[in-house]
Amino acid sequence: MTDQRPVQGGHESPTTPEALRKRYEAGSTVQELVGISGLSYGTVINRLRSAETVMRTSWETRRMREAPARRRLAAHLRRLYEQHGATLAELAAAGAKSKRAARQLLVEAGGKPRTAQEALRVRSAARAAERQKLMAVLRKKYEEDGAAVSALAAEHNLSTATVYRLLHAAKTQMRPHGSAGPRQHRAIP
């Protein structure tokens, strides 16, 4: 028969089977209970069993402790995936460790992984938005600031042909070759 009496001493520690069970079910490990109570490992196990405690495996304890952090990570990855169009590879880099783990966390958070075709659509939409923004910037600098095509190409790390193509797509009023600065109108005599 196991000794069920609390340890006598100046410190308050959970030594009754019920107190040990309560702490264990709250997530403490047997080793932590040994440290808190001052009892031996075997005594803690015996008291937990006498209180009819359902014992966990080490991986269940780990999962129990990881649960809140895992839920936060999963929610964060879902936001990145759905609101910012991140890929599974980007989610893996953001904390999921692998694409497979990222997919699993995404599903746990209630997200739905995109098909390959949907992923391409999201990416192309993002690229189109970036292209529209770039076209507006190039057009403004060309028309209002009088920037030369070669200067725009160098500034944005693009070829001059690409800058011309983007300016034409933005329906930019092009200056005649050889004239620098904003378009100048000559008075007709």
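Glu108 is partly exposed, at a relative accessible area of 42%, where buried means under 20% relative accessible area, exposed over 50%, and partly exposed in between (1.4 Å probe, protein chains only). In this predicted model, local features need pLDDT of at least 70 and side-chain atom pairs count only at pLDDT 80 or more, whereas totals for chains, interfaces and linings use all residues. Residues are numbered from 1 along each chain as its sequence is written, and side-chain values use heavy atoms, with hydrogens and water left out.

The side chain of Glu108 forms a salt bridge with that of Arg70, at 2.7 Å from N to O; a salt bridge is a side-chain nitrogen of Lys or Arg within 4 Å of a carboxyl oxygen of Asp or Glu. This pair links distant parts of the chain, with Glu108 in helix 6 (residues 99-108) and Arg70 in helix 4 (residues 58-83), 38 residues apart. Arg70 is also partly exposed, its relative accessible area being 26%. Helices (H or I, at least four residues) and strands (E, at least two) are DSSP runs, numbered from the N terminus.

The structure holds 7 salt bridges. One of them joins Glu25 to Arg21, with the closest N and O atoms 2.7 Å apart. Because Glu25 and Arg21 are 4 residues apart in helix 1 (residues 17-25), about one helical turn separates them. Glu25 has a relative accessible area of 42% and is therefore partly exposed; Arg21, at 28%, is partly exposed as well.

A salt bridge is also present between Arg139 and Glu143, whose closest N and O atoms are 3.2 Å apart. Both residues belong to helix 7 (residues 116-143), where Arg139 and Glu143 are 4 residues apart, about one turn of the helix.

Two arginines are placed over tyrosine rings. A charge sits over a ring if NZ of Lys or CZ of Arg is within 6 Å of the ring centre and within 35 degrees of the ring normal. Arg56 lies over the face of Tyr24, 4.0 Å from the ring centre. The charged end of Arg114 is found over the ring of Tyr81, at 3.7 Å from its centre.

Arg47, located in helix 3 (residues 41-50), is buried, with a relative accessible area of 2%. A polar atom of the Arg47 side chain lies 2.3 Å from the backbone oxygen of Thr15.

Overall, the chain contains 9 helices and 0 strands. Of its 189 residues, 27% count as buried. Contact means heavy atoms within 4.5 Å; among contacts in the chain between residues at least 6 apart in sequence, 52% join residues at least 24 apart.

Confidence is given by pLDDT, the predictor's confidence in each residue, from 0 to 100. The chain average is 83, and 87% of the residues score at least 70. Over residues 1-11 the pLDDT stays under 50, and for these residues the model has 12 contacts beyond four places in sequence.

Methods
Polar contact = N/O pair within 3.5 Å; in protein donor to acceptor, adjacent residues only side chain to side chain.
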